Structures are given as C-alpha cells and as structure tokens.
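Hello,

Here is the structure we spoke about handing over. My notes on it follow below.

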Amino acid sequence: MAIRNRLSELQNEISEWRKDIHAHPELLYDTFRTSELVRAKLEEFGCNEVTTGIGRTGVVGIIEGRRNDSGMTIGLRADMDALPIHEDSKVPHSSRNPGVMHACGHDGHTAMLLGAAKYLCQHRNFNGRIAVIFQPAEEGGAGGEAMVKDGMMEQFSIAEVYGMHNMPGLPTGHFAIKPGPFFAAADTFTIEAVGRGGHAAKPNDGVDPVLMASHIVTAMQSIVSRNNDPMDELVVSITSFETSSTTFNVIPQKATLKGTVRAMKETTKKMAEKKIRMISEGIANSFGGSAKVNYREGYPVMINAETETQYAIEAAKRVTDNVNGNASALMGAEDFAYMLNARPGAYILVGNGDTAPVHHPEYDFNDEVIPAGCSWWIELAEQRLPLG
C-alpha cells in the first residue's frame, strides 16, 4: 500500500498547475482558459487523441495502453469550473478574478487528473484505452449532462466511468465511498405569496403577504417531521425571503420565498413537491391571498454501481489502508449523476484534511492530497485494464 513514487516526484509540478488554475477561476461553461490549458497539457503528454468542445467547453483525451486488444475504454472525470464567491483565503495564488473562486477544489481535481494522464501517457501499463474527461459547469450548469447529450459515451466507446471529489474534514489522503445512492437529488422552488398591499397603519384594509409567507415557512417544517418516513433522507430548506417593499410603513403586494429539496428517492422528492404546493396554496387561500409555486427539478440522485464501487475500493486500498467502503450518504448534489446514469461507475471522496469547508471563502485545495488522488486514478486504470 503506497503512493506511486513517480507521483511524489511530480507533486510540485502538479501543484503549480493547480495554483495557476486556482488563480484564474472561471464559471460554468466559460472555462475557456482552463479548457485550453488542459488541451495543451494533454497534447504535450502524448495523448493519442484530444477532443475539445464536448458539452460546449469540455475536453476529452484518449490514452491507449501498451496493448489495446481488450476492446474496453474506461472514463476518468474531473470538473473544471469555479463558484461565484469572493475569495478570502489569503494564499499567494488567490483568485485574480474578483467575485469568482475555486471554492470547491475543482482546480485540484483537474490538476490531479492531468497528473494521472501524464503518468499514464508515460507508462501505458494497461490493455485498452483511458478517456480522461474534463467537464465544465458542475456548479449548477449540468455540464455532465451536456457532455452525455453530446454523445461522449458513444463517441469514445466508454464502458465505465469514475469520478473523485475532495472532502474537507476527512484526513488527508483517506478515501470514503459507498455503493448505491451516495449524493442526493437537488431540486429548487420559488413561492410567490400574493396579497393586497397598503399602509402599515391599516393592515385590516389589506392582505399581508409577509404574514402569509411566514406561516408557509413554518408549515414547511412539517414536511420532513410529519409527512416523511423517518428512515428516508429528506431536506426541505427555505433559503430566501424577499418582499416588494423597501420601507417601514408599506405592506407589500407580494412576498417571495426560495428554497431547495434534497432527497435520495424519487418518490420522496415527489411527495415533498406535492406538500410544498398544498401547504403554500392552502395557507395563502386561508389568508385571502394566493400562492404560485414554481418547482424545478435539478440534478438526479447520484448512484454508485455495486460492482464498480468495489473496483474503486480495491484501487483505493492499493494506495492506502485508510479506506471507508461504507461511508454515509451526503445530501449535497453532484452532476456526475448524469454520467453514472449513462454508464456504470462510481464516485469516491478523498480527504482534504483539516481545511475550510467547500463553498467557503477561505477554502483552498490541499496539495498534499495530490499523490494519493493521482495514484487512485492510475491504480483504477491499471486494475480495470490489466496487461497480463
């Protein structure tokens, strides 16, 4: 059980790529600089084929093994986009793009997969092909779905696909994974509670949407506590409360609520949507107002395939003894779900150590993770496509 020596030698170089990407973060599909950096590196490494423009700004590199008679292609995926957050990490490589930062470690994911690609191109100790996949727009843009819809799986004959994400709080270089549902489906909703505005001194002449919406917020808590099976994971969160009034003495015409639903089952999610509509419309009507609910489905549940999860665990155990193969499911969302819906595969977490959490302005990817992360990609490639 050991980190590949060659990856330890490459760590500083990979770290420099990572810091360069971190300093130049890009949002959603606008990963033009990052995609070009990836393309140039893959060609420099000697990939047999490099294709750009998949899923708008996605990049795929094909690496052929010493032998290529297995007829199998394994996909390894990293995400490239950043978040609309102002960075406060104080690191020398801090974002040069105000209001945008790599607050989720996609810079590290991209750099680690580039490091693995360099090693795989140099050694090619496998029988078949590796597709290294660099995806834009994971943070809310469904870039994974866009790449799948562009025919990526069919174009490169990808049979299995694997992904990895760093995890603050998990010791550096440790791994965690589970078969079955691992990350939740994530939907969003907006509720417009409409009343009749007027003077704050004469509330009896109007219908107060602030009071109406406040009752809706309170009643929403009953969906999880009184409507859901306690054994089924569900989150219903109201995250925004706005009104059309900006002063002290005006009762507004409407109040707008925004929120999210997270669930591990389609039936649970559908129940939550139904209850959100019933509660909102029922309470609004009881106050003499009305409510309009706009419910939008987002990323689906991310489900790790049983067999491929075991492959991922075996590869991790060749890197370290510190592998949790029965980790807890997470209520966060991940658009790698679209790739796992298209092909069997698995998604693993690698420990980022005692750092700020992801999506936090002080977060920074821990470069000490690089050797373990790169080694996992390589072990997985060589394990799934053995030479002999």
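I began with helix H6, whose buried residues are Pro209, Met212, Ala213, Ile216, Met220 and Ile223. Please keep in mind that this is a predicted model.

The buried residues of H6 pack against several elements: strands S8 (185-194), S10 (234-243), S11 (250-251), S12 (254-263) and S13 (290-299), along with helix H7 (266-286). H6 itself covers residues 209-227, 19 residues in total, and spans 25 Å between its first and last C-alpha, close to the 27 Å expected at 1.5 Å a residue. At its N-terminal end, H6 is capped by Asp208, which has a side-chain oxygen 2.8 Å from the backbone nitrogen of Val210.

Next is His165, which belongs to strand S5 (residues 158-168). His165 counts as buried because its relative accessibility is 8%, and the cut-off for buried is under 20%. Leaving aside residues up to four places away in sequence, His165 touches Cys104, His106, His109, Glu334, Tyr347, Ile348, Leu349, Val350 and Val358.

Most residues other than glycine have a negative phi. Lys90 has a positive phi, near 65°, and is not a glycine. Lys90 sits in the loop between strand S3 (73-79) and helix H3 (106-123), and is exposed, with a relative accessible area of 66%. Ala137, also not a glycine, has a positive phi of about 55°. Ala137 is in the loop between strand S4 (129-135) and helix H4 (143-149); at 0% relative accessibility, Ala137 counts as buried.

Regards

Terms used
Residues are numbered from 1 along each chain as its sequence is written. This is a predicted model: local features need pLDDT of at least 70, side-chain atom pairs count only at pLDDT 80 or more; totals for chains, interfaces and linings use all residues. Side-chain values use heavy atoms; hydrogens and water are left out. Helices (H or I, at least four residues) and strands (E, at least two) are DSSP runs, numbered from the N terminus. The expected span of a helix is 1.5 Å times one less than its number of residues. Buried means under 20% relative accessible area, exposed over 50%, partly exposed in between (1.4 Å probe, protein chains only). Contact means heavy atoms within 4.5 Å. A polar contact is a pair of N or O atoms within 3.5 Å; within protein, one must be able to donate a hydrogen and the other to accept it, and residues adjacent in sequence count only if both atoms are side-chain atoms.
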